Amino acid sequence: MPHLKAAISRTLQLALVLWAVVTILFLMFRLMPGNPMAAYIDPTFTLEQQQALMAQFGLDKPLWEQYFIYIGNLLQGELGQSFRYREPVATRIWALLPNTLILTFSSLILAYTFGILAGAYLAWKRGGVVENAAIPLVLTTRAMPEFWLGMVLLAIFSFNLGWFPAGGTRPAGASYDSLWALYTSREFLSYLALPALTLAIYSQGLPLLLMRSNMLDVMKEDFVTMARIKGLSNWTVVVRHAARNALLPVMTSFAIAVGYQLQGNVVVESVFSWPGLGRELVNAVSASDYPLAQGAFLMIAVVVILMNLIADLLYALLDPRISHA
Amino acid sequence: MTETLLSVRDLRVSYKVGASRIDAVDGASFDVPRGTIVGLVGESGCGKTTIAKALTRVIADNASITGGQMMFEGRDLVSLSERQMNALRWREIAFIPQSAMNSLDPVYTVESQLNEVLRRRGGLGRREARKRCEELFELVGIDKGRLSDYPHQFSGGMRQRVAIALALALNPKLVIADEPVTALDVIVQRQILDQLRELQAALGISVIIVTHDISVVAYICDRTVVMYAGKVAEAGSMQATLTEPSHPYTMGLRNAFPDLQGAASGTLTPIEGAPPNLAFPPPGCRFAPRCPFVLETCRQVNPPLETVGPNHVAACHRAGEAVELRTQAARVDTWSGKVLA
């Protein structure tokens, strides 16, 4: 069972990486300047009251003890209390994470579907007018900052044409029975459209250019020439052989893109007032809500690590040379 | 004389490189009789692989067939439409590539790649294709349990056998093998050549073997076509061309290779220099700058292919003196110290 063995060893590596991330996060927030309790503690509090609060949050204990308490809590899914919202960080994050994931994956799937198809097409039709026009265009979209692109799209499609709402995930005052009901509603789609499009336009350049250059390389491979000598149809040669092989590195880049995207989300979620993890992270940091910021960072790290695991497993599934190695 | 399966006449293939045009194949003519193995031999860059590819009409983007004929069973492959040509590919003309590693798609099992030609090109059903796969593996001596393996799980020699099985899948009439054993060690080379010979005889197909290795020709071929700088220098039966070569280039090639049997036939003598740059070919005989027997006419007039024996042609002004030249060519000092252009 080479697949199972590889999956187990990957999962163990993942646990190790996760532990490293957790440790770095723990130290990072304790090395940051300022008192983490600054936002929580009113200046009118007496010293005793301040100390009592510190003790309540366990901040009076030595660092190593705090570390073990932190790890112990994490293992139970306990991320601490948000200073600002006075509610468990986990509750807050679980409420926001789905919004971020929906935005990230819808935009990335859009970007990758378009990028892979367009990249393969451009490689196939190499050296034409289409290519001469398309490559600079793609580079332009790649060079545009997301927040700027987001604002331009907002100005055109929301403020001028009024086709899409300007921000948020739902009409004011609307309430839904469940998240599922919200996500499957038609209004949600119109709220999702602009931020997802912004991220998709920004992200499609990478898969497109990657797919194109991979295709150009693969098209020179002997097995593609052989496929032609075999008299196979153009479609079979280009799709079944060239594109199938060129796709492998693009799949890996998808996982890395999820990581980048979560980082890009911070900006785009702010522009579109999208109630996601990225926007919350910005708010939490500026409000010195360290437990929440720490939790949000951790969550983003978990998603990135998980995506890497998925990419690894997927790669083994797509490329027989990897799974037999 | 047996019936001719393929007759190449005055074939020209040129590459566009920058602004200039290079005639990689410049008026090559030769025949492939039915049921024989023809060796296309010459140095790197002499146009032999270009001819092999041209026969399938799958050539580089910057290459084009600019003239000549390739008569295959009465049809001229040069003038067939792409659709007609595609109908012929693999069903009648199959190809064994040099490196079977790169020519098999790494992401599919060999069975899936055999199935691809059997089903998409041969029109076989699932069950028939499976049966044919097993048959083909048996034919090339690989355990049929390995059909579900991927190319990277095979050794170099095994992969070459897979390539042979692939080529034979649709019972072609002509198999073109482009340096089929060059990437293999000598022991495996011999096994593969033996197998190719056996299968060729059993199935009655014709084979063109492209090689730079004259010992491969001596080992397996019925006929030899010696190429030099885009032209045919000499062609004839393997026996005649290798024991009584009439072109100095063939004589030189023979000195430059040990034979596959391992019999030490004396010292190896290289032909000094390199083939000419085909963007600026020499005006006369293309071999003249490297030829130890060069005359003044050789540098000015290009010698035509002329009959020098039964079924044996050579393009050399001094072909008439071949017997005398052969004795001189056998001496090492004839080839050393030759001033290069």
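This report describes selected features of a predicted model, from its confidence and domains to its strands and helices.

## Basis of the model

Residues are numbered from 1 along each chain as its sequence is written, while chains are lettered from A and ligands numbered from 1 in the order in which they are written. Because the model is predicted, local features need pLDDT of at least 70 and side-chain atom pairs count only at pLDDT 80 or more, whereas totals for chains, interfaces and linings use all residues.

## Confidence and domains of chain A

The predictor's confidence in each residue is given as pLDDT, from 0 to 100. Chain A has a mean pLDDT of 83, with 94% of its residues at 70 or more. Helices (H or I, at least four residues) and strands (E, at least two) are DSSP runs, numbered from the N terminus.

Chain A comprises domain 1 (2-75) and domain 2 (91-323), with bounds from an automatic or database domain assignment. The C-alpha centres of these two domains of chain A are 32 Å apart.

## A residue of helix α12

Helix α12 (residues 277-286) of chain A contains A:S286. A residue is buried if 20 or more other C-beta atoms lie within 10 Å of its own, exposed if 12 or fewer, and partly exposed in between, with C-beta atoms placed from the backbone. A:S286 counts as exposed because it has 9 C-beta neighbours inside 10 Å. From A:S175 it is separated by 111 residues in sequence and by 29 Å in space, C-alpha to C-alpha.

## The open sheet of chain B

Strands of a sheet pair through backbone hydrogen bonds, either parallel or antiparallel. Two strands count as paired if DSSP finds at least two bridges between them. In chain B, four strands form an open sheet in the order β2-β1-β4-β5, with antiparallel pairing. Its edge strands, β2 (20-33) and β5 (75-76) of chain B, each pair on one side only.

Strand β4 (residues 63-72) of chain B is joined to β5(B) by two bridges, and B:M71 has B:D76 in β5(B) as its bridge partner.

## Strand β10 and its partners

In strand β10 (residues 231-237) of chain B, six of the seven residues are buried. Strand β9 (residues 223-228) of chain B pairs with β10(B) in the antiparallel sense over six bridges, and B:V226 stands opposite B:E234. Two residues lie between β9(B) and β10(B) in this hairpin, and B:A229 in the turn has a positive phi of about 50 degrees.

β10(B) also pairs in the antiparallel sense with strand β12 (residues 312-314) of chain B, over two bridges. Here B:A235 stands opposite B:V313.
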